[in-house]
Amino acid sequence: MREFSPSAQLMLGMRYLVLVLIAVIFIFPLLFMAMSSLKPNLQLLTDTESMRAFLPVGELSFDNYEAAFSRAPILTFVFNSLFVTATTVILTLLVCSLTAFSFVFLQWRGREIAFSMIIATMIVPFETIAIPLLLMVSKLPWLGAEGFELGWLNTYRVQIIPWIADGLTVFLFVQYFKGLPHEFIEASRVEGASWWQIYRRVVMPLCGPVIATAAILKFLVMYNQYLWPLIVVQQETYRPVMVGLQYFFQYNTVWGEVMAYLTMITLPVLAFYLFLQKAFIASIASTGVKG
Amino acid sequence: MNSNLKNTQLAGWLFALPGTALIFLFIVLPFLFAIGLSLTNQRLISPNPTEFVGLDNYQRLLSVSIVTLSPTTDAQGQILRDDNGQPEYPRLRSITRNKATPEYKGMREWFRWHSGDQAKVVIARDVVFMKALTNTLLFVLFVAPIQAGLALGLALLVNQKLAGINVFRTIYFMPVVVSIVVVSLLWRFIYDGNNGLLNSVLSSLTWGWFTPVDWLGKSETALGSIMAMSVWQGVGFHMVIWLSGLQTISPTYYEAGDIEGASRWQAFRYITWPGLRHTAVLVLIVITMQAFALFAQIDVMTAGGPRDSTQTLVFQAVERGYGKQDISGGSTISVVLFVIVLCISILQRYLTRERT
């Protein structure tokens, strides 16, 4: 019964104290955001001088939220972000898993070269190719509903298509596929199943964990997009949430409204995270297996 | 059998085609394009046709020299001194605009130091780029070890077997899912010089003894403040990677250590740390890569200021290539950044190679 000796209890208390103090550092800025969004602008700024900044005190209302909605087409931004994110995530899962499937299970000429190229792209930071990519997409052709057109700027596709395939996602699928028992696949092959059927019916149903991992990582990247939409989308019809922030700084910045907007675009992600936190943490952890 | 092989060949191509083509088109090609553009004088809108200029852009970015300024003397050869007794020096433009030294034309002072009565002045053709380069390297040099170390500390903390430990793990990871843009805006309040939260906390902890600092407004503190915030946002991510490493270490080692009477420090030093070697490599690589891409924080918080103290390579690449429409200049910086990242990943790969 060592645990109940006074010194052991003190130690336990100290451990929790450290844990809580650190938790405070991580939580307080977010708490400040949520509380400030409920306060009038003047009070928000004076409250930062004391602990009141983190407390729901004073005049509280949803006025900031109302004002934020009348200042910017928030629903459009949210829709754009969700649409772009969801479409990209789905296409990424499809395209990257197919590519990885081909690398792991199929023999074809040029396979090694293609695979090395894809792995090498993992060390190219997106920021280094943003400008030439901008130049390229501004001239790319597209055959749409209105016929042939040139240039991808100010569209959804410019926010989606360049992000579909990426080295990390292919790599995650490749690692996962390598761990699957190959006898299954050979058996299905002998039974005369086509490669597509094997992909659809045999391999993908076993891929729950890696699909969750890839989807979560891609979701975080896509929902938080900033630099790319900033330079390729000038029309508000196609703007995502992070770029929409600019509306709150164009003239007379009201910090209460900024906080309301930040809260609105952050809470859904936080809720999503808290709901699926085991999967989130597992997915980040699994990127660590690549060493 | 032969048809089966062909079938496999065709299926392989078809399956790999979409992903490989997209990566080639949207990552490899723009990357090659960046190298090409960096060898030209391309601007977005320019009356002159684009020309091939060789390595001119690189030369302009990277040329640095040291010149020595001797103190000004009067007719008797006495050194002229100002009111504080410091020697006076001729203006730098006596060198950079001197027809006798055309190689220094157009260069500006980056920084200087004194040796004896002589002043050594480091001049660069592109001072802003040099500051961006040093700031980025400083950022990586500080953030990578600090963030990796703190993340390991947190991982050890949340790896304890305590009731409710999951709650703390969840909280520490929370900033990772919040956009860096949102985080940067929030931290502008924390760092505000008048009634910022950090100043309030510090002055109440010291009973008013602490004088408020304009954290982002002073060139001495701005970069450090951005480093601290970046660590705050990213540390949870690497905590989780460390944690996955910790959980691969078999508990039997610790039991053996217990029997041998190992202290806590010895257990860490001889069991935990060796077990984390692969994880350490990965954590450092990932942090280094992320740190080199520093952009959003700068864009939201300081726009490179005050006095260029928070300029970074990516911020400059975007500002030139997009803001000033100097495509070739922006691309050149991107290529320089890529070469640095490449060198570091080769170095890291070399240092962590499997020794056979």
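Two strands count as paired if DSSP finds at least two bridges between them, and the elements themselves are DSSP runs, numbered from the N terminus, with helices being H or I of at least four residues and strands E of at least two. This is a predicted model, in which local features need pLDDT of at least 70 and side-chain atom pairs count only at pLDDT 80 or more, while totals for chains, interfaces and linings use all residues. Residues are numbered from 1 along each chain as its sequence is written, and chains are lettered from A, with ligands numbered from 1, in the order in which they are written.

Now select helix H6 (residues 126-137) of chain A together with helix H13 (residues 313-323) of chain B, which pack at an angle of about 5° with their axes 10 Å apart; axes are lines fitted to C-alpha atoms, for helices over the stretch in contact, and angles run from 0 to 180 degrees between N-to-C directions. H6(A) and H13(B) are therefore roughly parallel to each other (angles under 35 degrees count as such).

Finally, colour chain A by domain 1 (2-61) and domain 2 (78-240 + 273-290), whose bounds come from an automatic or database domain assignment; the C-alpha centres of these two domains of chain A lie 39 Å apart.

Note on methods:
Angles under 35 degrees count as roughly parallel, over 145 as roughly antiparallel, 65 to 115 as roughly perpendicular and the rest as oblique.
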